[in-house]
Amino acid sequence: MGERDSLLFCWQSITRYRFRSAMILLAIGFGVAAVVVLTALGEGARRYVLQEFAFLGKDVLVMFPGRNETTGGLPPVTGAAARDITLADVAVLGRRVSGLQQSAPLVLGSAAVSFQQRSREVIVLGTSAAFVTVRKLKLARGRNLQLEDIERASVECLIGQTLERELLQGEAALGALLRVADYRCRVVGVLQGRGDAFGMDLGDSLILSVAAAQRLFNTAGLFRVIMQVREGYDPEQVKQQVIDVITALHQGENDVTVVSPDALLSTFDDILTAMTLGVGAIGGISLLVAGILIMNITVISVGQRTEEIGLLKALGADDRLIRKLFVLEAVLLSVCGAVLGSLAGLLLLLLGRQLLPQVDFAVPLWALFGAGGVAVGCGFLFSWVPATRASKLLPLNALQRR
Amino acid sequence: MIELVELNKTFMLGEQSVHALDQINLRIDAGEYLSVMGPSGSGKSTLLNMLGLLDRPDSGRYLLNGLETTALDETERARKRSEMIGFVFQAYHLVARLSARENIELPLMLSGVPGAERRRRSKQVMERLGIADRGHHLPRQLSGGQRQRVALARAIIRHPLLLLADEPTGNLDSQSGAEVVTLIEELNRDGITLLVVTHDLALGQRAARQLKMVDGRIVEDRCRQPAVPESAHG
Ligand SMILES: Nc1ncnc2c1ncn2[C@@H]1O[C@H](COP(=O)(O)OP(=O)(O)OP(=O)(O)O)[C@@H](O)[C@H]1O
Ligand SMILES: [Mg+2]
């Protein structure tokens, strides 16, 4: 029997035993739709998290003192550095590494900030104007810091919105004079939103010039240097150049760690992908159940069609053809079920996007094809045994239903 | 064409064994027209199924065109069936979900004949059997006589060498019965070897060679008197 005729024969059987076919379609469709929806939820969560952490961008490198051999993990907050990274180092980097667009040195500490009688303990960040641009922070009011010389302390500062609310309590923020410990500074801008950085809430922070912070915390070393890679440059190459330059500056000792957020993110990525895989597997179980249903229905179908099997054999169909017809029918049904299930799943996702626009629901391709593949594989595997049994029936016994 | 040598078939019914075929020796030449008669349970259908390669004997030999069929495996027997043998079953055995035309074309489909050729041949056969206007009907929408004709059309569409009919008129009124008989006799005149199992004495006596079976044995094997003129052409 030709391939087209085999397909035609099975198709006739599928379309003319409507109820039976509908049952299988439903089961497989549900299974595939479940995988599609579940993995899309997982993928949506993954993308949501990645997007939350994507503030650093792909073109950003972060350098901190100390060697950290483990890659991909979060950098240690208190690196026991052999040698500090200094502002001079940053200046040299800016001159020597052409792939660097700009660098924001970072000094971090906490201090009491006071205005008139009120005082509040907040995070104090010493950095340069580049910080706001590299981190893509937005200002609710005012302007960014303007520092002529990065090595000179400036009186300008930026504050977060929480700090503004708590400390100034409605008084004009721009131009207000604040005291940070015994240092005085003037507010030139207010940050918008939270602008999460390394798990800190920038809304409750104060940003001032790096030199001022160094003096404030009495340190020469930098906590971090955030560097933006110039467009068209490979971050990995630039990273290597940065390390080379610093190594040269530090008497041939490579005592800094430079991470690209990619490495950082890939850790999250791995975890969340594993999670998606997990929920996908749970959906896969429903496919297995569908497979068992296929087996049952094929068994019933073989029972009901025993006479037909006998007839086909009497007409000259051999065992292999009988088995092929039954398996093909199950596989054909599975394919249809998989297609319908995928469509249903995708439709549900469209609905989900309407309801929750902030989460980017998307089916990973592997899940879509995996679910389809498993469905069709189930159809094949689970129909094989009953179909083989059908094919082994003796023609006469089958005809007489004995 | 066919030679059976000491063929035996025994069925076990619980404790009791039934000798459905008992030391059968039979020669059939190509183009012969045989009828098989005998009481119920005498083994007629068993003989027919044996000849049609649907069943295997317990012992004995069955030579089909000189080929020892007992040595063939199921796949080879299936191929022989498709090449040489057409069946008309007493119970029709039409596929309920397929239309009359699809049922008739089923053997051609199994043999891999292309669709256009199938259509051409089924049209021809249906016209010959007078069911050309029933092609798209399902079996349950057809009368008994029409179903039998569909079954007959299916049996002959591949031009088998051997046509085996088990009580082809058993379910028909005398009118449709006579029509079906006329048809298969026409086929026999075209060269098909025809073997008809029947309880109908009138039908059985039309055959050129008449076998009678009792308890699994062929007890009578005689040729019709060619001298009887009115039974020669219905
Ligand atoms: N598959 C089977 N299993 C057990 N016994 C069987 C089987 N097929 C036939 N028989 C027995 O073999 C004997 C011959 O059966 P067969 O069907 O050949 O009779 P028959 O001559 O065709 O009868 P009828 O005229 O009623 O159709 C019967 O006794 C029957 O009970
Ligand atoms: Mg019988």
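How far is a polar side-chain atom of Ser45(B) from an oxygen atom of ligand 1? The gap is 2.7 Å, and the close-ups below come from a predicted model.

View 1. On its own, ligand 1 has 630 Å² of accessible area, and the protein covers 76% of that (Shrake-Rupley method, 1.4 Å probe).

**View 2. The shell around ligand 1.** Here you'll find 15 residues around the ligand, and among those that come nearest are Ser40(B), Gly41(B) and Thr46(B) (a residue is near if one of its heavy atoms lies within 4 Å). Chains A and B both contribute residues, so the site is shared between chains. In chain B, β1 (2-13), β2 (16-28) and α1 (44-51) each give at least two shell residues, and α1(B) has the largest share, with 3 (DSSP runs: helices, H or I, of at least four residues; strands, E, of at least two; numbered from the N terminus).

View 3. Look for Asp255(A) in the loop between α7 (235-249) and β10 (256-259) of chain A. Its relative accessibility is 3%, so Asp255(A) counts as buried (under 20% relative accessible area, 1.4 Å probe, protein chains only). Its side chain makes a polar contact of 2.7 Å with that of His250(A) (N or O atoms within 3.5 Å, one able to donate a hydrogen and the other to accept it).

**Notes.** Residues are numbered from 1 along each chain as its sequence is written, while chains are lettered from A and ligands numbered from 1 in the order in which they are written. Local features need pLDDT of at least 70 and side-chain atom pairs pLDDT 80 or more, while totals for chains, interfaces and linings use all residues; side-chain values use heavy atoms, leaving out hydrogens and water.

Technical notes
Buried means under 20% relative accessible area, exposed over 50%, partly exposed in between (1.4 Å probe, protein chains only).
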